[in-house]
Amino acid sequence: MATDNADVFRRIQPHEYFRRFIEQNVRPDGRQLHKFRKTTLNVGAISTANGSAMVRIGGTTVICGIKAEVAEPKISTPDEGFLDPAHVQAHSSYATQHAYISVPNVELSPICSPKFRSGPPSEQAQVASEFLNKIIKISKVLSLTDLCIEPSKAVWVLYADVLCLSYDGNVLDASLLALVSALLDPGIMSLPYPMANRAPSVSNSFPPLVQLPKVTYSEGIVRALADEPVTRLTLYRIPVSTTLSLLAKRLLSDPSDAEESLADEQVTVTIDERGRLCHIWKVGGGSNTATPDVLKECIQRARARYGDVKGMVERAFKERRVVFVASVGDETEMDT
Amino acid sequence: MPSTAAQIMQNVVLPGDPIPSHTGDDTTIKLGPGLTQDQDVITSMKAGVLNHLEGSNRWWVESNQQRYIPATGESVIGIVCGRLTEGFKVDIGAAQQALLPYLAFEGVTKKSRPNFLVGALVYARLSLANKDMEPELECVNPATGKADGFGELKGGFVFKCSLGLSRRFGPLLRYRVWVTSTNGCIPPNILVLIFVRPFRNTSLMDENTPILRFLAEQQIPFEITIGRNGRVWITSGSAKTTIMLANTLQNSEYLNERECREMVRKLMTMQ
Amino acid sequence: MTIRPDRRTEPTQLRPFSSSQNLLNRCDGSAQFQFDKTAVLVSITGPTEVKFRDEKLDRASLEVIVRPLTGLSSTKERVLENVMRSTFANVILTGLHPRTSIQIVAQVMKDDGCVSVGSAAINATTMALLDAGIPMNALVGSVTCMVGKEDGEILMDPTMEELSRARSIHTFAFDSASRTSVMMDENGGKGTSGGVVLYSESTGDFTEDEWWLYKA
């Protein structure tokens, strides 16, 4: 009955249970503290979307779909396209209330975990949405002016939705990876738009470019030009985030759901392909934990993780098949 | 005890400030409200004035707030909110409602239990206060077994004040001020203070709260009960006087002795 | 000597800030914090009765509500709520009031569009918690800064005009208790002398070295 006792102990004294594991430099799921879970990437998972990607990090599964459409720009920003959640369009009442929200939507519904209730998006979902929004727009991964077809007449709208299918912690990393991979998905060029350019030359080099058909605007009609080369929508940076939790004064890479709910401090470091930081998000904590050394360690681990993820994304696009990195972090043995 | 303003300023502490109380390793330090110990450092957890009593080496932070946190032995004014099988539910302004058992009264039996209506005002003493448990009240002084002024407060007027002000009135919590008529040995118009509980004459003359003394000197008969939970009940001959007294007490919080005297004088001329 | 759009002379100078406590009558503590044209009013109620759903057996539950200047609250406000709750969760000694709730309501009073609303809200909450006498283990001070696009100069508490040429924007919150490494310049008035970062949010394009620099 030893296993039962362990289970009882975990339920009654979760903090103590984790602390004992962490003291031995190992986590209840067998990972070392700096190890990431097996990460799988499947680009083009949804055939009906213009761009899509499914990401699994351990028990967390996230799927992102992007649809491109032509729409009228907002009066306030005549030369900017938008990146919106699809349901803004679907629910008109929501659209009128939140006319100026354009945040890629992250949905955490009861499908993925009993923690979430149906109804309006939970706080965690909104935090994740805002996280993606900040990285994409404020950290200038995508320039919305690139989505402009004709100022104040027509712009591209990218409807981006991230749906969590199974929740086991670290949804920020998974969502960002899914969104970025979906944006990189060359399938985004095969737009449902009439006469979309269906055979553009796609370079396999990393980073691939999101492509939209070359279009012209005249007399209120947007036309795709079949024989022109595609417009290349540039991703200026390829951000990859790394989330770490501080639990019992130790840093845990890629926290699972149980670890996330126990840890009171969380750091998410996002870096781009040049090794520059895009975003650092640290919440919670106190009592002398997040010293500069700890934060330096976070950034170091993020850099190591970037290399692994980059390789994975490159392979995914080159080979067009499901690829994965087994427990990322093997190369970065460090005494923690 | 700090007395001058400069001394008080020196003793102002903010949350997280360490308290320099280590005089020697073998001395026992007693920590009062507002202080906490984290390993071998004692820090303040509230903003207020640090106080120290040399004799017993007690340290505490005198702070002010609105929300009442129950503490055993304190006398409070509560409002009866409901009746359960074992006692009344009483709102004392804290996070949880307190329980006032039917048997926590002077000389009560199962047959003769008190019958307060919902909305009644009671003056009671906290017999049990613990952060993990529902607070419990009693309307009897455990030292004497007598009611000693605890019980229902009928009529009158209740107002709220800050917890700091209610504490400044001292342990003297319920008393009457009246002016006697000419009979017997007491000369006319001499002030007689009847202290219901506990008898502590010095409190009324407390230099921190001269306002009560000034009001008493005006020879207005009134009765006042001060709950440590920041509720003050007051009654006098007329509604006008009651409201005047209530306003005077509320306004006195940040006034010094001279200003208090001036305020009372002005109010009396207005009457 | 640089002159900034609002006539400040130093890049490290903050806009004139002020704070007043005990403004609201019906709650247990309140405070307003203002950075020039950005102001947030915070009220505290508690420790008070807790909803059964939120009841925690070993500590008080924190409830944070952020109301925007106009309109309904959106994702931005929800994020700020999340930030404030997690920032204060370990600063407030919640273990002293188990099975109760402490409600923090922040209302944006003035917003000139700069990102310092979050900083103002955190500062106002600290002041309101002090006013309410909620036990805490430290004070929290927060500030926003940015780095310029061309010159890479660090500007503290940037204005809207300066933000338009920001390369990256950073918001930090520090607690006063852990006096370890970094020192904050201006916050002497509030008794914060820097320490461990409680909350940090940085967006834009920046390097690691730059990030460490902002913290100094």
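About 1,800 Å² of area is buried between chain C and chain B, with carbon and sulfur atoms giving 52% of that area. On the chain C side, Asp28(C), Arg99(C) and Leu130(C) lose the most area to chain B, and together they make up 24% of what that side buries. The model is predicted. The points below cover this interface, then chain C itself, then the confidence in chain A.

**Interface of chain C and chain B**

- Chain C brings 26 residues to the contact, and chain B brings 19 residues.
- One salt bridge is found across the interface of chain C and chain B.
- This salt bridge joins the side chains of Asp28(C) and Arg67(B), at 2.7 Å from N to O.
- Asp28(C) is also among the residues of chain C that lose the most area to chain B.
- Six residue pairs, with both residues at pLDDT 80 or more, are in polar contact across the interface of chain C and chain B.
- In chain C, strand E3 (38-48) and helix H2 (117-132) each supply at least two residues of the side that touches chain B.
- E3(C) gives the most to that side, with four residues.
- Sorted by class, the side of chain C that touches chain B holds 12 nonpolar, nine polar and five charged residues.

**Fold of chain C**

- Chain C contains four helices and nine strands.
- Along the sequence, the elements of chain C follow the pattern β-β-β-β-α-β-α-β-β-α-β-β-α.
- Chain C has 216 residues, of which 60% count as buried.
- Among the contacts in chain C with a separation of 6 or more, 64% are between residues 24 or more positions apart.

**Ser116(C)**

- Ser116(C) lies in the loop between strand E5 (101-110) and H2 of chain C.
- Ser116(C) counts as buried because its relative accessible area is 1%, under the 20% cut-off.
- Beyond its neighbours within four places in sequence, Ser116(C) is in contact with Arg15(C), Phe35(C), Thr38(C), Thr144(C) and Asp157(C).

**Confidence in chain A**

- Chain A has a mean pLDDT of 74, and 73% of its residues reach 70 or more.
- Residues 187-210 of chain A have a pLDDT below 50, and this stretch has 60 contacts in the model beyond near neighbours in sequence.
- Residues 328-336 of chain A also have a pLDDT below 50, with 25 contacts in the model beyond near neighbours in sequence.

How values were computed: Residues numbered from 1 in each chain as written. Chains lettered and ligands numbered in written order. Heavy atoms only, no water. Contact = heavy atoms within 4.5 Å. Buried area = accessible area lost by both parts, 1.4 Å probe. Salt bridge = Lys/Arg side-chain N within 4 Å of Asp/Glu carboxyl O. Polar contact = N/O pair within 3.5 Å; in protein donor to acceptor, adjacent residues only side chain to side chain. Nonpolar A, V, L, I, M, F, W, Y, C, P; charged D, E, K, R; others polar. pLDDT = per-residue confidence, 0-100. Buried < 20%, exposed > 50% of the residue type's maximum accessible area, 1.4 Å probe, protein only.
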